[in-house]
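This report describes how parts of one protein chain are arranged and joined. Please keep the sequence and the structure in view while reading.

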Amino acid sequence: MSNDRIPVTVLTGFLGSGKTTLLNYILQAQHGKKVAVIENEFGEVAVDDKLVVVDAGQEIYETQNGCLCCKVRGDLVKILHELIEAKKPLDMVLIETTGMADPGPVVQTFFVDEKVQEAFRMDAIVTMVDAKHAELYLTEDTDHRAEAYQQIAFADVLLLNKIDLVQRSEREGIIRRIKEINDVQIIPCEYGRVDLDKIINIGGFDLDRVLEREPAFLREAENEDDYGHDHGHKRHDELVTSVGISERGELDFDHLNRWIQSVLASLGPNIYRTKGILNVEGEEDRYVFQGVHMIFDGQQDRAWREGEDRTNKLVFIGKNLKREALVESFKQCIVKN
């Protein structure tokens, strides 16, 4: 796959979290990059595209009435194909999703369309959380709580916005709740103002770069279930969590492939993200894989370095995941000496 593919950043987050404010901040920053913005708005009348300030060298595209994040991704593919065919010099693509959507189908587009995959690379999913209303979205029985959990679960980096509107103790409580769903880098901010180097071209989908930035990202998960204790509130959406697997040994590739297919077939709808670096028997290259829901992509990566730890490391982020079953079934892929 070409290294000169155009990086894509997805901005997601619940309604009112500050996505459009952040988008404007990115576009108005003096970075000199040529940016294509793909707006997705939920509603009968388009408003968001009128709120985005577009400078010379930047273009804005709009999908139809919230359909970017539903199962039919025709609008997004069409726009991306138009960008490819126009052959305009672009440094990056920014996609702002509607606040009422699971970002998974957006990301899947970059896995399943060959032409898109050859021209673009998913750089990172940036999720914004409104500190003032986070407790409402994450604990109370609201209609769209599941979407808020999914947006956090998919994040490669998370911006905790509007921190000026909450007390320090509230902020710390929100961070703990977020970490229970996805142990991701959290950047507190006001008015969406952040160091852009921390959210743009960060290689959030590049496991090497993720591990350089967060060495503990694929750490072995704690044995204790994060949700085993009682918070005194309902538990259904709180079951969104992560399961980490860290096991030594070489893997039988055929057995591994069957295991992955079996896991996705049985748990696919509940698995939001998967990532892993694996040590396959007879191979001198690392095997790197990642998936979104039931879409899976795995390929050989760079060669293992001399003396490098070849421990197999995987992480599943999703809903109602069974830690023991995943770990024990994975162990069956390890070649017995």
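In strand 12, Val-315 is the bridge partner of Lys-275. The model under discussion is a predicted one. Strands of a sheet pair through backbone hydrogen bonds, either parallel or antiparallel. Strand 9 and strand 12 pair in the antiparallel sense, and six bridges join them. Strand 12 also pairs with strand 8 (residues 240-247), through eight bridges and again in antiparallel fashion. Within that pairing, Ser-246 has Lys-313 of strand 12 as its bridge partner.

How much of strand 12 is buried? Six of the eight residues of this strand (residues 312-319) are buried, so the rest of the structure largely encloses it.

The pairings belong to an open sheet of five strands, in the order 8-12-9-10-11, with antiparallel pairing. Strand 8 and strand 11 (295-303) are the edge strands, each of which pairs on one side only. From one strand to the next, the twist averages 10 degrees.

Strand 9 and strand 10 (residues 285-292) run antiparallel and are joined by six bridges. Opposite Leu-278 stands Tyr-287 in strand 10. Helix 4 packs on the sheet and touches strand 10 and strand 11. The direction of helix 4 makes about 135 degrees with that of strand 10.

Is helix 4 mostly covered or mostly uncovered? Helix 4 (residues 104-112) is mostly covered, as eight of its nine residues are buried. Those buried residues are Gly-104, Pro-105, Val-106, Val-107, Gln-108, Thr-109, Phe-110 and Phe-111.

Helix 7 is also mostly covered, with nine of its ten residues buried. Among the buried residues of helix 7 are Arg-145, Glu-147, Tyr-149 and Phe-154.

Helix 10 (residues 253-267) lies across strand 9, strand 10, strand 11 and strand 12.

Two packed helices are described by the angle between their axes and the distance between the axes. For helix 10 and helix 11 (residues 323-331), the angle is about 160 degrees and the axes are 10 Å apart. Helix 10 is therefore roughly antiparallel to helix 11, since an angle over 145 degrees counts as roughly antiparallel. The crossing of helix 10 past helix 11 is right-handed. Which residues meet where these helices pack? From helix 10 come Leu-256, Trp-259, Val-263 and Leu-267, and these meet Leu-326, Ser-329 and Phe-330 in helix 11.

Side chains of opposite charge can pair when their charged atoms come close. A search of the whole structure finds twelve salt bridges. One of the pairs consists of Asp-130 and Lys-162, whose closest N and O atoms are 3.5 Å apart. Asp-130 belongs to strand 5 (residues 120-130), whereas Lys-162 lies in the loop between strand 6 (157-161) and helix 8 (168-181), so this pair ties together parts that are 32 residues apart in sequence. Asp-130 has a relative accessible area of 2%, which means that this residue is buried. Lys-162, at 22% relative accessibility, counts as partly exposed, because buried requires a value under 20%.

Lys-275, already named as the bridge partner of Val-315, also forms a salt bridge with Asp-156 (3.0 Å, N to O) through its side chain. The pair links distant parts of the chain: Lys-275 is in strand 9 (residues 271-278), Asp-156 is in the loop between helix 7 (145-154) and strand 6, and the two are 119 residues apart. Are Lys-275 and Asp-156 buried or exposed? Both residues are buried.

## A partly exposed pair and a network

Another salt bridge joins the side chains of Asp-183 and Lys-179 (3.1 Å, N to O). Asp-183 counts as partly exposed at 25% relative accessibility. Lys-179 is partly exposed as well, with a relative accessible area of 33%.

Salt bridges can also share partners, and in this way Arg-286, Asp-301, Arg-302 and Glu-308 are joined into one network.

Key
Residues are numbered from 1 along each chain as its sequence is written. This is a predicted model: local features need pLDDT of at least 70, side-chain atom pairs count only at pLDDT 80 or more; totals for chains, interfaces and linings use all residues. Side-chain values use heavy atoms; hydrogens and water are left out. Buried means under 20% relative accessible area, exposed over 50%, partly exposed in between (1.4 Å probe, protein chains only). Helices (H or I, at least four residues) and strands (E, at least two) are DSSP runs, numbered from the N terminus. A salt bridge is a side-chain nitrogen of Lys or Arg within 4 Å of a carboxyl oxygen of Asp or Glu. Two strands pair if DSSP finds at least two bridges between them. Axes are lines fitted to C-alpha atoms, for helices over the stretch in contact, and angles run from 0 to 180 degrees between N-to-C directions. Contact means heavy atoms within 4.5 Å. Angles under 35 degrees count as roughly parallel, over 145 as roughly antiparallel, 65 to 115 as roughly perpendicular and the rest as oblique. A crossing is left-handed if the near helix is turned anticlockwise from the far one by less than a right angle, and right-handed if clockwise.
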